Amino acid sequence: MLAKADTQVVYSDQTRNVFQVDVPDFWNLRVGGPRELSPDGDEDIRAVERVFGLEPESDHGVWVGLISPPRFRSLEDANEYARSLSGQLAKTTEILSAEDRRVGNYPATVITGTGRRDGRPVSFNVTMLDIKNGRVVVALTIMSQGFDQSALADVNAILTSIKAR
């Protein structure tokens, strides 16, 4: 029997606990709160939501970000947001597929694509889960060229561990 010792963390906003997720052993969690930023050389200010950033301790070339903005009440709301992400995720993005499926116990939409980030090729997945408590979790996974495929088992475990609070 395989033993698991993952750590549960709770994503909350100013009004409530939204979801919990298991962080695998030997993964780092970085938590960022909501803030407003403007890109270098740009005066436009944009809101950046609270984010959980996860990556393996050893450099596996994989990063997972989780957000759940209060304005996302349905998969349709999140899909509109996901379409607007392409320039932020990577440059010259190409969407390869978009499909509806279940992730864990929740209806989800998964978008896969490729692009360039910091001049290097990347693959990405945007997984949107309707966690049925009036919120949607958006999970962004970015994989650098030549990433360690073994990290994908942990990424899948992270996504399936998401539970509404």
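Contact here means heavy atoms within 4.5 Å. With its neighbours within four places in sequence left aside, Thr 109 is in contact with Leu 75, Asn 79, Glu 99, Asp 100, Val 126, Thr 127 and Met 128.

A quick word on ground rules: this is a predicted model, where local features need pLDDT of at least 70, side-chain atom pairs count only at pLDDT 80 or more, and totals for chains, interfaces and linings use all residues. Residues are numbered from 1 along each chain as its sequence is written, and side-chain values use heavy atoms, with hydrogens and water left out.

Back to Thr 109: you'll find it in strand E9 (residues 106–117); strands (E, at least two residues) are DSSP runs, numbered from the N terminus. Thr 109 is buried, at a relative accessible area of 5%, where buried means under 20% (exposed is over 50%, partly exposed in between; 1.4 Å probe, protein chains only). Its side chain also has a polar contact of 2.8 Å with that of Asp 100. That term covers N or O atoms within 3.5 Å; within protein, one must be able to donate a hydrogen and the other to accept it, and residues adjacent in sequence count only if both atoms are side-chain atoms.

Now the rings. Phe, Tyr and Trp (its six-membered ring) pair if centres lie within 6.5 Å; planes under 30 degrees apart are stacked, over 60 edge-to-face, the rest tilted. The count is four aromatic pairs, including these:

| Pair | Centres | Planes | Type |
|---|---|---|---|
| Tyr 11 and Phe 52 | 5.2 Å | 65° | edge-to-face |
| Phe 72 and Tyr 81 | 5.0 Å | 55° | tilted |

Tyr 11 sits in strand E1 (residues 7–12) and Phe 52 in strand E6 (residues 51–56), 41 residues apart.

Terms used: Helices (H or I, at least four residues) and strands (E, at least two) are DSSP runs, numbered from the N terminus.
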